[in-house]
Amino acid sequence: MFNPQLATFVCVADCGSFSQAAAKLYLSSPAVMTQLNALQRHLELKLLERTRRGTVLTPPGEGLYRY
């Protein structure tokens with residue numbers, strides 16, 4: 001089954017940036033953030049850490065990304 005939130009998560013992880021992922025997915029940056037926030041709430045895990053340089057995966061995020 002296709003899950004758009006997981007696809008968005010993978011795209012952000014690959015791009016390292018919400019804005020780059022949004023452009024690649026043809027979505028707005030707030031829409032990407034909304035999807036990722038919903039996924040994190042559903043899983044009760046913090047998957048991404050926002051830094052000045054972009055986004056990095058947390059250890060649970062790395063596990064999900066590899067899976």
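This note goes through the predicted model point by point, from the overall fold to single residues.

1. Basis. The model is predicted, with local features requiring pLDDT of at least 70 and side-chain atom pairs counted only at pLDDT 80 or more, while totals for chains, interfaces and linings use all residues. Residues are numbered from 1 along each chain as its sequence is written, and side-chain values use heavy atoms, with hydrogens and water left out.

2. Secondary structure. The protein chain has four helices and two strands; these are DSSP runs numbered from the N terminus, helices being H or I of at least four residues and strands E of at least two. Read from the N terminus, the order is α-α-α-β-β-α. The radius of gyration is 11 Å, close to the 11 Å that the globule rule gives for 67 residues, so the protein chain is as compact as a globular protein of that length. That radius is taken over C-alpha atoms, and the globule rule is 2.2 Å times the number of residues to the power 0.38.

3. Dimensions and contacts. Along the principal axes, the C-alpha atoms of the protein chain fill a box of roughly 30 × 25 × 20 Å. Of the contacts (heavy atoms within 4.5 Å) between residues at least 6 apart in sequence, 42% join residues at least 24 apart.

4. The protein chain has an accessible surface of about 4,700 Å², and carbon and sulfur atoms account for 56% of it; the areas come from the Shrake-Rupley method with a 1.4 Å probe, and for residues only the protein chains shown count as cover. Buried residues are 28% of the 67. Here buried means under 20% relative accessible area, exposed over 50%, and partly exposed in between, with a 1.4 Å probe and protein chains only. There are 7 positive and 4 negative side chains, and the centres of the two sets are 7 Å apart. Lys and Arg count as positive and Asp and Glu as negative, with His and the chain ends not counted; each charge is placed at NZ of Lys, CZ of Arg, CG of Asp or CD of Glu.

5. Nonpolar core. The largest nonpolar core has 11 residues: Phe9, Cys11, Val12, Phe18, Ala21, Ala22, Val32, Leu36, Leu39, Leu47 and Leu48. Helix 1 (4-15), helix 2 (18-25) and helix 3 (29-43) are the elements that give two or more residues to this core. A core of this kind is a set of buried Ala, Val, Leu, Ile, Met, Phe, Trp, Tyr and Cys residues joined through side-chain atoms within 4.5 Å. In soluble globular proteins, nonpolar side chains tend to be buried together.

6. Leu48. Beyond its neighbours within four places in sequence, Leu48 is in contact with Phe9, Val12, Phe18, Leu36, Gln40, Val56, Leu57 and Thr58.

7. Helix 1. Thr8 belongs to helix 1 and is buried, at 3% relative accessibility. Outside the four places on either side in sequence, Thr8 contacts Leu25, Val32, Gln35 and Leu36. Cys15, also found in helix 1, is partly exposed at 22%.

8. Positive phi values. Most residues other than glycine have a negative phi. Tyr26, in the loop between helix 2 and helix 3, has a positive phi of about 60° and is exposed at 77%. Glu44, in the loop between helix 3 and strand 1, has a positive phi near 55° and is exposed, with a relative accessible area of 71%.

9. The strands and their loop. Arg53 sits in the loop between strand 1 (48-51) and strand 2 (54-57) and is exposed at 85%. Its C-alpha atom is 8.5 Å from that of Ser17, 36 residues away along the chain. Gly54 is in strand 2 and counts as buried, at 17%. Apart from neighbours within four places in sequence, Gly54 contacts Gly16 and Glu49.

10. Helix 4. Gly63 lies in helix 4 (residues 59-66) and is partly exposed at 35%. Gly63 and Leu47, 16 residues apart in sequence, have a C-alpha to C-alpha distance of 9.2 Å.
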